[in-house]
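Trainee: Could you show me how to read the aromatic rings and the nonpolar cores in a structure?
Mentor: Gladly, let's look together.

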Amino acid sequence: MNLGMLRLFKLLLVSLFIQNLFASTQSFEFDFIKKGVQDDNTLLIVGGIQGDEPGAFMAASLITTHYEITKGSVWVVPNLNFYSIIKRSRGPFGDMNRKFADLAENDPDYNSIQRIKKYIKADEVKVVLNLHDGSGFYREKHENWSFSPDRWGQSTIIDQANLDIEYYGNLEEISTKVCEHVNKYLLRDRDYYSVKNTHTRMGDKEMEKTLTYFAINSGKAAFGNEASKVLPLHERTYYHLVALEKYMQIMGIEFKRKFELNSLSVKNVIDNDIYISFYDEKIQLPLSQIRNILKYFPVKKDGTLEFTPSNPLMTIIKKDGTFMIHYGNRKLANLKPDYLDMEETTKNIIMNIDGKQKSIRLGSIVDVDSSFEIKPLEEYRVNVIGFVQKGKRDEAGITIKREGIQKRFSVDKNGFLFRIEFYKDKKFAGMILVNFDKTRSIEDNLSLASKKAKSVTSSL
């Protein structure tokens, strides 16, 4: 093969590689979520433009799941570069935040960039916030590598001091107010926020390629908010939320929050208030303490796994015959499938729970103190996963205590949560989970995944 043919062959391979990568990212389109009463004073919040900055996309996602906008309009894109979030990468196809000035149509990020540009330029949008986690701690004067003008963490970013527009053009004044507000609620003195003006129009070629500079050139007030990568995830998220609330207050946007705004409460929400449901709530899984592997998990025979996450940072990816639940940068669990036909039913299950008879919807999670019993069901078979009684295929009509179920079959790592599966002949009809953890009531506190943003299907 001559040199010309070799170069042509290499170009062809590169082209095919890019096409395959582009095709593989199509299921990772970002979410666009509108909150509040829509008006012409809309705040657009963007998280996840870089997948290795989890404080940014976690804060944006919590605005969608744990805030109610009671006055005004907020748009949220919590996972702009969702593929990079899953890959734990700044950008598998290059830094997306350097693609807003010029971009080839064959770039894998092209469609996402065009779509977010449309939202930025929408007449309703008056302020754009791009959330980031930055290196070190920004300081006006150099102290050392971690504390210097070259660092980005703990700063509010503006491209210029003022913008000649009708609303919110006083960028430096607004960002100063935000920093003053955040600095009232510091976790430690070292974490204080400052305004960092990049003076982009003075010739900063890199910053000219960014989302905020595109927004400014589209006549929008735009700011970056940077939490330090030195901080743990929940603290980064905390600082983003403190800043976001001040921006909303400046814009006259009012809200209700479902938790106390302190670092420990933020950590609790991030780690524990996460659920996923399957097949129109036939199955619901709390994910805070889920085992790394769940075996024989019911999946439709055709390989489709329909799921509804409680958080837009959550998805399921199939690889090597296993369905993997992802939450932001974290892989929570592997589901080893048991391919089954599905029975369509809305039947309620009669259970005796701690001596009280209750009617339970399939897909529910119920708290049990000492024991439960499933009342026999005509045409349906009951299988309590991990409970064994010789000579019994149907485990209805049996009083079952926690000590009668083998701990290694629990859904959670601590051995409190167990599966009860229901079958009609060989068809899977649904699942109920029983929770024996007396310190944590899942039944009372469950945030139903069906009330969240979207349903998704993962398939073969």
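**Rings and cores**

Mentor: Let's begin with a charge over a ring: lysine 196 lies over the face of tryptophan 152, at 3.7 Å from the ring centre. The term applies if NZ of Lys or CZ of Arg is within 6 Å of the ring centre and within 35 degrees of the ring normal. Arginine 257 likewise lies over the face of phenylalanine 259, at 5.9 Å from the ring centre. Please keep in mind that this is a predicted model, where local features need pLDDT of at least 70, side-chain atom pairs count only at pLDDT 80 or more, and totals for chains, interfaces and linings use all residues. Residues are numbered from 1 along each chain as its sequence is written, and side-chain values use heavy atoms, with hydrogens and water left out.

Trainee: How many aromatic pairs does the structure hold?

Mentor: A pair of aromatic rings is described by the distance of the centres and the angle of the planes. Rings of Phe, Tyr and Trp (its six-membered ring) pair if their centres lie within 6.5 Å; planes under 30 degrees apart count as stacked, over 60 as edge-to-face and the rest as tilted. The structure holds 17 such pairs. In one of them, the planes of tyrosine 67 and phenylalanine 255 are at 50 degrees and the centres 5.6 Å apart, so this pair is tilted.

Trainee: Is tyrosine 67 buried or exposed?

Mentor: Tyrosine 67 is buried, with a relative accessible area of 2%, whereas phenylalanine 255 is partly exposed, at 25%. Buried means under 20% relative accessible area, exposed over 50%, and partly exposed in between (1.4 Å probe, protein chains only). Tyrosine 67 also forms an edge-to-face pair with phenylalanine 259, with 6.0 Å from centre to centre and 85 degrees between the planes. Phenylalanine 259 is buried, with a relative accessible area of 9%.

Trainee: Which residues touch the most other members of the largest nonpolar core?

Mentor: A nonpolar core is a set of buried Ala, Val, Leu, Ile, Met, Phe, Trp, Tyr and Cys residues joined through side-chain atoms within 4.5 Å. Here the largest one has 106 residues, and Ile116, Phe278 and Leu285 touch the most other members. Apart from this core lies another, of 25 residues, including Tyr380 and Ile432.

Trainee: Which residues form one aromatic cluster?

Mentor: Phe28, Phe82, Tyr83 and Phe93 do.
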